[in-house]
Amino acid sequence: MLISAPKIHTDLLWDLTILFSGLGILFFAFVFIFRNRLSAKSLKIARQKKILAPIISNFLFYETDATKEENYEYIKLKIEIRDLLKIQFNRLVLTEILLDLQKDLSGDSRNRIFKLYQNLELHLDAFKKLRNWRWEIVSKGILELTQMRVLAAYGFIKKFINDKRGVVRKQAQIATVTLKHEGISYFLDTTRYGISEWQQLKLLDVLRNFEDFTPPRFKAWLTSKNRDVVLFALRLIKHYNQNDANKSLIELVKHKNDQIKSEAIQCIKDFGVFEAVATLKSVFRNCRVDIKLQILDTISSLGKEEDIEFLQTLVSKESNFLVKSKAISTINTIAPETYVPTEGIDKNITTKSFETNVEDNSTQLSEVMNNNELNKDDSLPASDHKEDSIDMQDHLDPELEDEIIFDLCFMEELEDILTEFNESEDQEVNYLPLDFLPMVSEVEELKSTVDPQTTENSNVESKEILEEESFKVELEAILDKIKAHDQDVVTEDEKDSELEFLPLVVESNVEEDSEDLIVTTDEDILAMEVKEEEVIKEQRISNLYNKFLEVDWLPKQELENSETIAQKSIDWMAFVNESEGTGIMTQTSASNTSTWDENYTGDEDKDDNPIPDFYGFSIFQELFRTCDVESKLILLDEILAVGDEKEVNFLKTLKDDSDKKVRAKSEIILKELQALLSPEIEAEESIAQIQTNELEAQQPNLDKEKPESISQINTIDVSTLNKEEDSLKSLEFCFLNGLISENDNNQMPQFELDFELVGTPIEDKEDNQEINEINKKEVNKKEEKVLSSFIRNIISFPKKFK
Amino acid sequence: MIKKNLLLAEDDELLASLLDYRLQKGGYNVHLAKDGRDVKEYLKTATPDIIVSDIMMPYFSGIELIDYVRNQLNSKIPIIIISSAGNEENVLSAFELGANDFISKPVSPSELLVRVGRELNKT
């Protein structure tokens, strides 16, 4: 069977072609006509706007004190516009102009636009629109009346608040709230429909922009049957901080709607409604997870210790991880440190060793204190001291946990630093960031040693000392490990070991406390041996130290100045580091320098270790350790603003900074700071030079006395300084000149009258054989402070005149 | 008294017309430019005493205008820019390029007049 194509009549095809072509033409014709009509209309409007705009401008800026010509022009335009207003098109254009202008203008001009709009009776057209059956026309009418602030329209518009047509309703809601301040109350009272989130934001924005608006007490709408009204009222209460609805807020926590519940909880937290905690706990179980978290957050703000039981129940029973974690965090907020970290912490090792060390050292320390007190104040009975020490130990126990955590952190940090240090063995390192070590403890310790009266009555200070001692034991153990490690790494041929500072640290314990401490530290310590060359270096440093001890005219008051002690000790460390002269990292804590060998022969130091320029510790050094590049750059600016000679040295170290910006800026700041400080630096360098000369002179005969060193100060040629104009002299110059002139007369009233011998404990130590080794160590520490305070005294003395 | 020449660059014709009227009433010879090209053409032939320009203009923005005046014409004519609120970045750029003052939309014509007078008094 053949398939044959259907027969289509040719005429039909032609008819269809003509039909579709005709439809196409018609379509394009419509498009063309409507487009032209629209563009013609817009052109006409634009043309009319150009005509009407100057008239509007004239009306807007007309002033009563205008000239005759202006008045004539104004009247003429008024007549003209009345004729124009008879035409609907002109009214439309005028409305458009005024609506556009009110958006672009502010102030008085805008208010004039509103008045002009009503004076031209254009608002009547808008009222007509409200009666239109088409929702978009009605909406336009409401918008127009709202934008032109036609207050008379308020009564008409508010009827649309519950309109069935959503757009009209929303437009009416905004208009009602905008036109009158009481509109918000009317809206909340009468609205039956839901209020969308977006609508709430828009309404809030309207309220926020009101001037002189006194918000109603929104708690009145917390009882509304409209859920969205309650929610909006809660948000408004929070926004306006209306904290007079606590009872309602507590009730709303029980609301079935989670949004309302959440807002109520937030309000409770913000307003600190403590009485709501019980309700929060009671509703907790049936809430969603996010509400539970919010409740816990609120309890953490408002909760008390009696709420911890509830929270601990949660911790034990709650299956949700988030809620459980939040409960723990809440407990820790109410009662800090109730839950301490447990994961990954080896409690056994640390706790045992630490407790032993603490006990050992606290016993030692109490002995030291007893000895000191017996020496300095014999009137006190010995039993009192023992009681003190016992009290101290008792007082220490509750702090043990914190100390363990601190030591763990410290040990980790120290090990990290040393790991980095060993990795960069090939590089010359000038600075080991151990600034965090015992700055605070040092102050307290010195307080206790310098001023025993303070120590004996202060448990806090005693505790600090105990911490210091226990810390030292820990440090000792760590550094012994380091030594052992160093011995493996460093070959015997390496004279300039990067860990030359180690003996300084270890020695105090090895020589004096070794027997006691070895028991308490790792067995590795037993294998430790101090290298000969390390001992030599140590002796060199102690030699310097001894030379400074010869200077016995330091002011005693300086020692007692606890505010500067920490700084001084650090300054001394900086000095010791530089005195090594090798550029090798030698930084260590001040407490570790306490047992330097006093049997020093000065010749060694004379050749190898010239006394360097003395620089203090820059406060910015610590800040630079932790901050980012941007902060560093800011800090550099601050250095320029507040920096002194201590920062000059610190800035020099920044030349090797890893960041290019910091390097570049530090060089600029260094130059600027040096320029600023040049007179001061010169003076201080002179002083440092004096000290150098003095010590060099003392080296052949360490028994030389102070006047000789002072005489060396007299030898400085300061004639050039005297020639300078007084106005150009810095205070340091003045000081130097004053000092020299006094020396010229062989009179040193300042030193003779005010300064006392502070180094007496050295002699006491030699004479008094009964003082034990620990007491020696304390005395050495004191001497060290004396030494550092001496240097500081010299440098900071001129500043005291400022 | 010789009136100062003011170039007002604003693409919104209504606002431009209104400001033009207010500034003329305030005693200035105002030249209106509806876009950046007009401004450029005008600056080739004349040198106003002060320029008041909108930032957002067709063809040649207010920022480009400032750059053109300061860097190509090497002129120190005071420039006051008009910008809509929330356009801080453009305003900052304008100040960096050398704008003398800034006024935000919606504009108060009286305030603009005061600012123009102040800038001209500075010069």
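In this predicted model, helix α8 (residues 166-179) of chain A and helix α10 (residues 197-208) of chain A have axes that come within 9 Å and cross at roughly 20°. Angles under 35 degrees count as roughly parallel, and α8(A) and α10(A) are therefore roughly parallel to each other. As for handedness, the crossing of α8(A) and α10(A) is right-handed. On the α8(A) side, the residues that take part are K170(A), Q173(A), I174(A), V177(A) and T178(A). They meet Q199(A), K202(A), L203(A), V206(A) and L207(A) of α10(A). Sorted by class, this contact of α8(A) with α10(A) is made up of five nonpolar, three polar and two charged residues.

Further along chain A comes T223(A), which sits in the loop between α10 and α11 (227-239). Is this residue buried or exposed? T223(A) has 11 C-beta neighbours inside 10 Å, and a residue is called exposed if that count is 12 or fewer, so T223(A) counts as exposed.

Next up is helix α16 (residues 308-317) of chain A, whose buried residues are F310(A), L311(A) and L314(A). Looking down the axis of α16(A), these buried residues fall within an arc of 95°, so they line one face of the helix. What do the buried residues of α16(A) pack against? Their partners are α14 (277-283) and α17 (321-334) of chain A. Turned away from that buried side, the other face of α16(A) carries E309(A), T313(A) and S316(A), which are exposed.

That leaves the meeting of the two chains. Here, 15 residues of chain B are in contact with 16 residues of chain A. On the chain B side, the elements that give two or more residues are α1 (13-25) and α5 (109-122). Which of the elements provides the largest share? That is α1(B), with seven residues on the side of chain B that touches chain A. By class, this side of chain B has seven nonpolar and three polar residues, along with five charged ones.

Notes: Residues numbered from 1 in each chain as written. Chains lettered and ligands numbered in written order. Predicted model: local features only at pLDDT ≥ 70, side-chain atom pairs only at ≥ 80, totals over all residues. Contact = placed C-beta atoms within 7 Å. Helix = DSSP H or I, 4+ residues; strand = E, 2+ residues; numbered from the N terminus. Nonpolar A, V, L, I, M, F, W, Y, C, P; charged D, E, K, R; others polar. Axes fitted to C-alpha atoms, helices over the stretch in contact; angles between N-to-C directions. Parallel < 35°, antiparallel > 145°, perpendicular 65-115°, else oblique. Left-handed = near helix turned anticlockwise from the far one by under 90°. Buried ≥ 20, exposed ≤ 12 C-beta atoms within 10 Å, placed from the backbone. Arc of directions from axis to C-beta.
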